Amino acid sequence: MFLNGEAKMALEAALPGYLLGRRWFGGKAKQIASVEIVEAMPLRYEADGAYIVIIQVNYRDGEPQRYVLPLAVDRDSDGVRQPGSVVTRVELADEHGEVEQTNLVDATFDTDFTLGLLDSVRSSLQLKTGSGEIRAWHRLPVQASDTSEGELKASVMGAEQSNTSIKYGDRYILKLFRRLEEGTSPELEFGRYLGRRGFANTPPLVGAIEYQVDSEEALTLAILQRFVRNEGDAWSFTLRALEGYYERVAQHQVDGSDQMKEGTQLLDAAGGEIAEGMPSAIGDYVDWARLLGRRTGELHVALGSATEDDAFEPKPFTRDYQDSLYTAMQDLTKQAFGMLRYKLGTLPAEARAEAVALMEKEGEVAARFEPLKERPIAALRTRCHGDYHLGQVLFTGDDFMIIDFEGEPVRSLAERRRMHSPLKDVAGMLRSYHYAAYFGLLEYMSGHGEMPVEETARLEAWARVWQLGVSAAYLGEYLATVQDAGIVPESRDDLQVVLDAHLLEKAVYELIYELNNRPDWVHIPLQGILQLVR
């Protein structure tokens, strides 16, 4: 048994090194003091020796964190293993008492285990553990097999994320939450709530696996959703559209008369018709942006409805909330500019000039948040998606499905469950359009060799045209959808204040993220902030 004696000690000693290589592990910036196994819950299925293991990571500084790490004994130690599946090698006694070395693997790569997770939801498994109970349940019928192909095939989806997703044929997606926090996952909360509200543009919640300790609020281990057939996420769909767009403008298939006037404000563009000629330049993507604006608005109307669920009951803006929002935005700005100064010398040369230009505007950036605390704002705070961008939307071929309601993974569960203006989500999507426009341009230019400076400047101008046109189409349809719901400010001035603050906040947050993770992308938020304060 690998959870007892020397095998357990060897496993705990090996876990720090393993965790540091996992994307879902959120403590890479901290120094690990130790890792201990605090709970091991056997999952009943055909092959024995697999457990849902809860580990506690203790740090030199800061509070410990708990993670879910399903473990199984490798039945084929000499076989080819997927990257990241092998946790460590341990010595175990076989059924004859002979000691042999074998692999311990992340059990999400074990087919029997993943099918066991599905079956636990189907059968509403109730399992006593050392300190609590596992409770699985379903709200929609669960099929454990495909009538034409037999047993549903289980496979871990794509690259690692902050959670692990397992696909079961073309029927279900199970999301296993790696970071274990006190309370119900927002993903589970949103699934239940939106299901009751009849919101059709998110995958239906089928069931969940929870971990109950005493009388505390149940902790979410996993959720099961219906699989939605799709053609990839909206980010990939958008980049494909941009490839054709840049090809057209590069070949002068459109001319300068299609461009919006320099200095056009987003709310002005959203409130009227897109400039004459714009649809011919951008193509039918304008209609897709409108559709996504409508779906976003419908989501927010559902979230802003009066409800018997206290966790979703909308709340008004208050001066205290506005003050706290202002303070948080100012603190974020100080952090971003401090980091920018510290890392200036390490930035790519093309981004350094923009960084210097932005540092000269630090006071102006900070001042842009002032209107938030200068006036009372009549609007509502609601639960929001919290991490809304093109990568969080699936494109089905004729519609969009909104996914991943966990919020920003770096924030605590309590922060992710807080209520904000729905315009926070809108700002996230508008910033995503900016990212797409300029990342798509970089992709196009990288495939066409070195370009003259004049041509690069011309294409960058067209990137701004696309960004403003698509953003206006999205925002205009969104505002039309929510206009009678009372969830965004009715006053245009108040609407401008809240939207501008969240757009700038998001761009500043992106600057911090790119400085820490992708310096080659830092020019995108730099450019975005400069556009917002010009």
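**Figure 1. Threonine 456 is a buried residue in helix α14.** Threonine 456 counts as buried because its relative accessibility is 19%. Buried means under 20% relative accessible area; exposed means over 50%, and partly exposed lies in between (1.4 Å probe, protein chains only). The residue sits in helix α14, residues 453-482. Helices (H or I, at least four residues) and strands (E, at least two) are DSSP runs, numbered from the N terminus. Threonine 456 touches Met445 and Met451, leaving out residues up to four places away in sequence. Contact here means heavy atoms within 4.5 Å. This is a predicted model: local features need pLDDT of at least 70, side-chain atom pairs count only at pLDDT 80 or more, and totals for chains, interfaces and linings use all residues. Residues are numbered from 1 along each chain as its sequence is written, and side-chain values use heavy atoms, with hydrogens and water left out.

**Figure 2. The protein chain as a whole.** The chain holds 16 helices and 19 strands. Along its principal axes, the C-alpha trace spans about 80 × 55 × 50 Å. With 534 residues, a compact globule would have a radius of gyration near 24 Å; the chain has 25 Å, which agrees. That radius is taken over C-alpha atoms, and the globule rule is 2.2 Å times the number of residues to the power 0.38. Buried residues make up 54% of the 534 residues. Look at contacts between residues at least 6 apart in sequence: 71% of them join residues at least 24 apart.

**Figure 3. Seven strands form an open sheet.** The strand order is β6-β7-β14-β15-β12-β11-β10, and the pairing is antiparallel. Two strands pair if DSSP finds at least two bridges between them. β6 (126-128) and β10 stand at the edges with a single partner strand each, so one side of each is left without a neighbour in the sheet. From one strand to the next, the twist averages 15 degrees.

**Figure 4. Two helices meet the sheet.** Helix α2 (residues 111-122) lies across β7 (133-138), β10, β11, β12, β14 (205-212) and β15 (219-226). It runs at about 80 degrees to β11. Helix α3 (residues 186-197) packs on the sheet and touches β7, β12, β14 and β15. The direction of α3 makes about 140 degrees with that of β14. Axes are lines fitted to C-alpha atoms, for helices over the stretch in contact, and angles run from 0 to 180 degrees between N-to-C directions.

Figure 5. Strand β11 (residues 164-168) is mostly covered, with four of its five residues buried. In a regular strand, side chains alternate between the two faces of the sheet. β11 pairs with strand β10 (residues 154-156) in the antiparallel sense, over three bridges. Here alanine 154 stands opposite tyrosine 168, and valine 156 stands opposite isoleucine 166. β11 also pairs with strand β12 (residues 172-176) in the antiparallel sense, over five bridges. Threonine 164 has leucine 176 in β12 as its bridge partner. The hairpin of β11 and β12 has three residues between the strands. There, glycine 169 takes a positive phi near 55 degrees.

Figure 6. Lysine 175 is found in strand β12. It is buried, with a relative accessible area of 8%. Leaving aside neighbours within four places in sequence, the contacts of lysine 175 include Asn163, Leu221 and Ile223.

Figure 7. Helix α15 (residues 492-517) has 26 residues. From first C-alpha to last it reaches 37 Å, close to the 38 Å expected at 1.5 Å a residue. The expected span is 1.5 Å times one less than the number of residues. Of the 26 residues, 20 are buried. Serine 491 caps the N-terminal end: a side-chain oxygen lies 3.3 Å from the backbone nitrogen of aspartate 493.

**Figure 8. Histidine 300 is buried in helix α7.** Histidine 300 lies in helix α7, residues 285-303. It counts as buried, at 0% relative accessibility. Leaving out residues up to four places away in sequence, histidine 300 touches Pro422, Asp425, Val426, Tyr478 and Ile487.

Technical notes: A polar contact is a pair of N or O atoms within 3.5 Å; within protein, one must be able to donate a hydrogen and the other to accept it, and residues adjacent in sequence count only if both atoms are side-chain atoms.
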